[in-house]
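Trainee: I have a model open and want to learn to read it. Can we go through it feature by feature?

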Amino acid sequence: MEYLSKEGYDKIASELHDLITVEFPKIKDALAEARAQGDLSENFEYRAARRAQAKMISRIRFLQKVLKYSRVVDEKNLPKGEVTLLSKVEFTNLDTNAKMSFTIVSPHEMNLEEGKMSLKSPIGAALMGKKVGDVVEVKAPAATLRLRVDSIC
């Protein structure tokens, strides 16, 4: 089971709705048009439309499964004072004194450009359950990092 924020759940539901109601009908039309061109054995447009259709069906099924097995987290019920899902964490890399701030989210909501880090990433997993002032060693692919939790919102 995955836990999502209300925003993340709504975003996935919106993408699924768009794929089913807008994008999939476009692919079906492209497939029908390519099929109407005749010989399917050497019809590049037909093969491309079939690949696009298969990819779209796969994405739709994936999103349906994510929504089926997801639960929306009520932020009010999460413990305060420690890093949990949906916590905004500010921390310092003690080796470089670089300060960073991320919100801990599910893997489906991760977007580093928006400041959202997956709880299953090496840093996110290491920070889970920590309190302000705790120092954590994170074994990341590039190096081992020492991080200090500065604040939790």
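Trainee: Which residues in H2 are buried?

Mentor: Start with the term. Buried means under 20% relative accessible area, exposed means over 50%, and partly exposed is in between, with a 1.4 Å probe and protein chains only. In H2, the buried residues are Tyr46, Ala49, Gln53, Met56, Ile60, Leu63, Val66 and Leu67.

Trainee: What do the buried residues of H2 pack against?

Mentor: Contact means heavy atoms within 4.5 Å. The buried residues of H2 pack against helix H1 (6-35) and strand S2 (70-72).

Trainee: What kind of model is this, and how is it numbered?

Mentor: This is a predicted model, in which local features need pLDDT of at least 70, side-chain atom pairs count only at pLDDT 80 or more, and totals for chains, interfaces and linings use all residues. Residues are numbered from 1 along each chain as its sequence is written, and side-chain values use heavy atoms, with hydrogens and water left out.

Trainee: How many helices and strands does the protein have?

Mentor: Helices (H or I, at least four residues) and strands (E, at least two) are DSSP runs, numbered from the N terminus. The protein has three helices and seven strands. Along the sequence, the pattern is β-α-α-β-β-β-β-α-β-β.

Trainee: What span should H2 have?

Mentor: The expected span of a helix is 1.5 Å times one less than its number of residues. Helix H2 (residues 44-68) has 25 residues, so it should span 36 Å. Its end C-alpha atoms are 36 Å apart, which agrees.

Trainee: What radius of gyration does the protein have?

Mentor: The radius is taken over C-alpha atoms, and the globule rule is 2.2 Å times the number of residues to the power 0.38. A compact globule of 153 residues would come near 15 Å, but the protein has 22 Å. Its C-alpha atoms fill a box of roughly 70 × 35 × 20 Å along the principal axes. Buried residues make up 33% of the 153 residues.

Trainee: Where is Phe91, and is Phe91 buried or exposed?

Mentor: Phe91 is found in strand S3. Phe91 is buried, with a relative accessible area of 1%. Now look along the chain. Phe91 and Val149 are 58 residues apart, yet their C-alpha atoms are separated by 4.4 Å. Leaving aside neighbours within four places in sequence, Phe91 has contacts including Met100, Phe102, Leu127 and Val149.

Trainee: Which residues is Val89 in contact with?

Mentor: Leave aside its neighbours within four places in sequence. Val89 is then in contact with Val83, Met100, Ser101, Phe102, Ile104, Leu127, Val149 and Ser151. Val89 is found in strand S3. At 0% relative accessibility, Val89 counts as buried. Val89 and Val149 are 60 residues apart in sequence and 7.2 Å apart in space, C-alpha to C-alpha.

Trainee: What about backbone angles?

Mentor: Most residues other than glycine have a negative phi. Leu86 has a phi near 75°, a positive value. Asn97 has a positive phi too, near 60°.

Trainee: Where do Leu86 and Asn97 lie?

Mentor: Leu86 is in the loop between S2 and strand S3 (88-93). Asn97 lies in the loop between S3 and strand S4 (98-105). Leu86 is buried, with a relative accessible area of 14%, whereas Asn97 is exposed, at 59%.
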